[in-house]
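Here is a friendly briefing to read alongside the model. Please keep the sequence and the 3D view open as you go through the points.

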Amino acid sequence: REAATVNLCRLATLFGNDWTNKYVIPRIITLTQHKSYLFRMTGVATIKDVSPVCGPNMTCDKLLPILIVLCSDAVANVRLSSCRTLSHIITQVNIPRDIVQNQVIPIIQKLGSDLDSDVSYHAQLSLKSLGIAPVPTSQPN
């Protein structure tokens, strides 16, 4: 799978954004909507690798909305991977500040209080790496 995403990035670079939008994005959407969480995880990994090649416009218009939906997935590993990918995209792609502030950070903050401890932990790490104070989580009595 990793080799496939590397080759896909090479093709996206070679053929450009129009080709990527026409052929790659629909495949990513199909992967991320699959009933198997492993396919959804592959879609997330593909988004992580292809977003720097796509640039900020396509990433914001096409890829971020997919990740935002996946941050609410029923499977914790998909939420965790989506959170990590959001954090990666913020640092690797020149996403406009208002989109980061209004769309991405609130999602990561929400994941910071996820019921799954791994998701919550990594969301808190993402916030810290972005210089944002983590949202306090409620402690059981």
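Arg79 and Asp114 form a salt bridge in this predicted model, with 2.8 Å between the closest N and O atoms. The pair ties together distant parts of the chain, 35 residues apart: Arg79 sits in helix 3, and Asp114 in the loop between helix 4 (97-111) and helix 5 (117-129). A salt bridge here is a side-chain nitrogen of Lys or Arg within 4 Å of a carboxyl oxygen of Asp or Glu. Helices (H or I, at least four residues) and strands (E, at least two) are DSSP runs, numbered from the N terminus.

Two notes before the details. Residue numbers start from 1 along each chain as its sequence is written, and side-chain values use heavy atoms, with hydrogens and water left out. Because the model is predicted, local features need pLDDT of at least 70 and side-chain atom pairs count only at pLDDT 80 or more, while totals for chains, interfaces and linings use all residues.

**Salt bridges**

- How many salt bridges are there by this rule? The count comes to two.
- Arg40 and Asp73 form a salt bridge, and their closest N and O atoms are 2.7 Å apart. This pair also links distant parts of the chain, with Arg40 in helix 2 and Asp73 in the loop between helix 2 and helix 3 (76-92), 33 residues apart.
- Are Arg79 and Asp114 buried or exposed? Both are buried, where buried means under 20% relative accessible area, exposed means over 50%, and partly exposed lies in between (1.4 Å probe, protein chains only).
- Arg40 has a relative accessible area of 9%, so Arg40 is buried. Asp73, at 13%, is buried too.

**Cysteines**

- A search of the whole structure turns up zero disulfides, a disulfide being a pair of cysteine sulfur atoms within 2.5 Å.
- Cys83 is buried, because its relative accessible area is 0%. Cys54 counts as buried as well, at 3% relative accessibility.

- Ser82 is placed in helix 3, and a relative accessible area of 0% makes Ser82 buried.
- A polar atom of the Ser82 side chain lies 2.8 Å from the backbone oxygen of Val78.
- Which residues does Ser82 touch, not counting those up to four places away in sequence? They are Val44, Leu67, Leu70 and Cys71, with contact meaning heavy atoms within 4.5 Å.
- Leu80 is also found in helix 3, and its relative accessible area of 12% means that Leu80 is buried.
- Leu80 touches Asp118, Val119 and His122, again leaving out residues up to four places away in sequence.
- Leu80 and Val44 are 36 residues apart in sequence, and their C-alpha atoms are 10 Å apart in space.

- Thr42 belongs to helix 2 (residues 37-70) and is buried, with a relative accessible area of 17%.
- The side chain of Thr42 has a polar atom 3.0 Å from the backbone oxygen of Leu38.
- Apart from residues up to four places away in sequence, Thr42 touches Arg1 and Leu31.
- Thr59 lies in helix 2 and counts as buried, at 0% relative accessibility.
- Beyond neighbours within four places in sequence, Thr59 is in contact with Ser51, Cys54, Leu64, Pro65, Ile89, Val93 and Ile95.
- Thr59 and Lys48 are 11 residues apart in sequence, with a C-alpha to C-alpha distance of 10.0 Å.

**Helix 1 and its surface**

- Leu11, Leu14 and Phe15 form a nonpolar surface patch with about 310 Å² of accessible area together.
- Patches are made of residues with over 30% relative accessible area and no salt bridge, like charges being joined within 9 Å and nonpolar side chains (Val, Leu, Ile, Met, Phe, Trp, Tyr) within 5 Å. Accessible areas come from the Shrake-Rupley method with a 1.4 Å probe, and for residues only the protein chains shown count as cover.
- Phe15 lies in helix 1 (residues 2-32) and is partly exposed, with a relative accessible area of 47%.
- Ala4 lies in helix 1 and is partly exposed, at 49% relative accessible area.

Terms used:
A polar contact is a pair of N or O atoms within 3.5 Å; within protein, one must be able to donate a hydrogen and the other to accept it, and residues adjacent in sequence count only if both atoms are side-chain atoms.
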